[in-house]
2 protein chains.
Amino acid sequence: MNSPITNKATDQLINQSTDQLINFLLSLADSNLILAQRNGEWCGHGPVLEQDIAITNITLDILGQGRNFYQYAAELISQSSGEPATEDSLAYFRTEREFKNLLLCELPKGDWAQSVLRQFFYSIYTKGLYTQLLNSKDDRIAAIAEKSLKEVNYHVRWSSEWIIRMGDGTEESNQRLKNALKYLWPFTGEMFIPADFEKDNGVDLSLVKNEWQKNVQNVFEEATIATPDINMVMQSGGKQGIHTEYMGFILAEMQYLQRTYPNAEW
Amino acid sequence: MNSPITNKATDQLINQSTDQLINFLLSLADSNLILAQRNGEWCGHGPVLEQDIAITNITLDILGQGRNFYQYAAELISQSSGEPATEDSLAYFRTEREFKNLLLCELPKGDWAQSVLRQFFYSIYTKGLYTQLLNSKDDRIAAIAEKSLKEVNYHVRWSSEWIIRMGDGTEESNQRLKNALKYLWPFTGEMFIPADFEKDNGVDLSLVKNEWQKNVQNVFEEATIATPDINMVMQSGGKQGIHTEYMGFILAEMQYLQRTYPNAEW
């Protein structure tokens, strides 16, 4: 547009871009929070003590990453709307339709193969995404991405080792991994379908997709698992707040306490 | 005894003292594991994101401490009985009567006040106990105690701050803390009633008790909470494998997976 824009229009543009930044931050935070919630179900129920601790540590990492994104979003919301928001109000008082997490993150934990494979897909995805965010024009996002990447690199290593161990393990572990793959694969495509808030914040998901595909394939080859077609028809909707039937139950459990006793610290 | 002891008698003495060392290690491990299990119920259900993370971190610490004691016990059992034991077999395949954890650790998590107060009592107790174990003749125990103390010091600080905040907070928080105190106090005495395996391993619980009482009283004064009588009649039995009605449910949930699919990593 070459026409001069009025002050009002400028304000509107800034508001729009702030809104999209907030939406982007919420989507990043929501995916981490909801996955942490699912992984947290392993807490005290892992197959062996050592792995119980490992997955709980990963859960704490991604919950921490989620908090960083929520905190930034809360500041922006408080500034732009004048209504105070906090990380807790964003986590505990939004409705299902307002959550922008990937559908992949809300699926049931399933068996160990399913939880580990999901973590593997998600960790490789966030590794690519956060690497891109290192160059974000927004310093705060770049800083969160940098901090998160140190943890994500470990999550990629941990989950990759499990994939290889299961794929190249016993007949049963191989079969369970294949079952998990069949179930989860249709939910991986959503990661690479850009939402407006991703485009507006300069994210190029096609680059993330290429990198993801390459990395997944490498690990799958070592695990003697065939990589399914990444261009098949995929499930989507999470980024737009359209969730699976599981989402309501997660929120019901997670938000019950805060909604019943608002701001009570019990 | 001045009479010479035969080789057979020596062997027996060694066996007895190994058994008591194993029992002692199991009691330390069990208390940590069962408390971790109870605290783990907060995972994803804490009152605010920050505290959800804090209690889960503490849970991981004490689970880690439990594992160190189990691992040592497993080595001793494998050596002395010839039957292989592992940290997982000790956690997942013993019966309720074989668990030697404090009753305090198996009580329900209750509300936030109850969980935090229990953690406070337990952390101050283990701080005193592990400090004594630094001087253990058994180098391995001294090393585990040293490593654990670094974590326990933080747990004491964290839980003390919460006690003060709740006691000296609102009317409701003060009342909830008092309710928790009324419920938990009768279970604190067991910590200081020495079992044979504690006496045989040179632990002096009367020293731990004095130190504990002093520390609890200091924090309670700051929290404007009256310290109950430490010499009242107390519940006991955990160290001897006589547990509350809650214990069976904890084990059922914790051991279900391993008992149903022995050694399966799912």
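Predicted model: local features only at pLDDT ≥ 70, side-chain atom pairs only at ≥ 80, totals over all residues.
Me: What makes chain A and chain B copies related as by a two-fold rotation axis?

Reply: Chain A is superposed on chain B by a rotation of 180°, with 0.0 Å of shift along the axis and an RMSD of 0.0 Å. The two copies are thus related as by a two-fold rotation axis. Within chain A, Cys43(A) has the C-alpha nearest that axis, at 3.5 Å.

Me: How do you know that the same surface serves both copies?

Reply: Of the contact residues of chain A, 98% recur in chain B. The contact itself joins 41 residues of chain A to 40 residues of chain B, where contact requires heavy atoms within 4.5 Å.

Me: What is the size of the interface of chain A and chain B, given as buried area?

Reply: The size of an interface is often given as the accessible area lost when the parts come together. For chain A and chain B, about 3,400 Å² is buried between them, and 64% of it is on carbon and sulfur atoms.

Me: How many salt bridges and how many polar contacts does the interface hold?

Reply: A salt bridge needs a side-chain nitrogen of Lys or Arg within 4 Å of a carboxyl oxygen of Asp or Glu. Across the interface of chain A and chain B, the rule finds zero salt bridges. For polar contacts, the count between the chains is two residue pairs, both at pLDDT 80 or more. Several elements of chain A give two or more residues to the side that touches chain B, among them α1 (7-40), α2 (49-81) and α6 (139-167). The element that gives the most is α2(A), with 11 residues. By residue class, that side of chain A divides into 20 nonpolar, 10 polar and 11 charged.

Me: Why is Asp30(A) called buried?

Reply: The term buried applies under 20% relative accessible area. Asp30(A) has a relative accessible area of 0%, and is therefore buried. Asp30(A) lies in helix α1 of chain A.

Me: What does the side chain of Asp30(A) reach, and which residues does Asp30(A) contact?

Reply: At 2.9 Å, the side chain of Asp30(A) reaches the backbone nitrogen of Lys100(A). Apart from neighbours within four places in sequence, the contacts of Asp30(A) are Tyr70(A), Arg94(A), Glu98(A), Phe99(A), Lys100(A) and Asn101(A).

Me: Thr244(A) is found in a loop; why does Thr244(A) count as buried?

Reply: The loop lies between α9 (205-222) and α10 of chain A. The relative accessibility of Thr244(A) is 13%, so this residue counts as buried, the limit being under 20%. Not counting residues up to four places away in sequence, Thr244(A) touches Glu96(A), Leu103(A), Glu106(A), Leu107(A) and Phe187(A). Although Thr244(A) and Leu107(A) are 137 residues apart along the chain, their C-alpha atoms are separated by 7.9 Å.

Me: Why is the pair of Arg140(A) and Glu75(A) called a salt bridge?

Reply: The closest N and O atoms of Arg140(A) and Glu75(A) are 2.9 Å apart, and the cut-off is 4 Å, so the pair qualifies. Arg140(A) lies in helix α6 and Glu75(A) in helix α2 of chain A, so the pair ties together parts that are 65 residues apart in sequence. The structure holds 18 salt bridges over all chains.

Me: What makes Arg140(A) and Glu75(A) partly exposed?

Reply: Partly exposed is the class between buried, under 20%, and exposed, over 50%. Arg140(A) has a relative accessible area of 31% and is therefore partly exposed. Glu75(A), with 36%, is also partly exposed.

Me: Which side chains of chain B meet in a salt bridge at 2.9 Å, N to O?

Reply: These are the side chains of Arg140(B) and Glu75(B). Arg140(B) is in helix α6 and Glu75(B) in helix α2 of chain B, 65 residues apart, and the pair links distant parts of the chain.

Me: How do you know that Glu211(B) and Lys214(B) form a salt bridge, and where do they lie?

Reply: Their side chains meet at 3.6 Å, N to O, which is within the cut-off of 4 Å. Both residues lie in helix α9 of chain B, three residues apart, about one turn of the helix. Glu211(B) counts as partly exposed because its relative accessibility is 36%. Lys214(B) is partly exposed as well, with a relative accessible area of 47%.

Terms used
Residues numbered from 1 in each chain as written. Chains lettered and ligands numbered in written order. Heavy atoms only, no water. Least-squares fit on C-alpha atoms with pLDDT ≥ 70 in both. Buried area = accessible area lost by both parts, 1.4 Å probe. Polar contact = N/O pair within 3.5 Å; in protein donor to acceptor, adjacent residues only side chain to side chain. Helix = DSSP H or I, 4+ residues; strand = E, 2+ residues; numbered from the N terminus. Nonpolar A, V, L, I, M, F, W, Y, C, P; charged D, E, K, R; others polar. Buried < 20%, exposed > 50% of the residue type's maximum accessible area, 1.4 Å probe, protein only.
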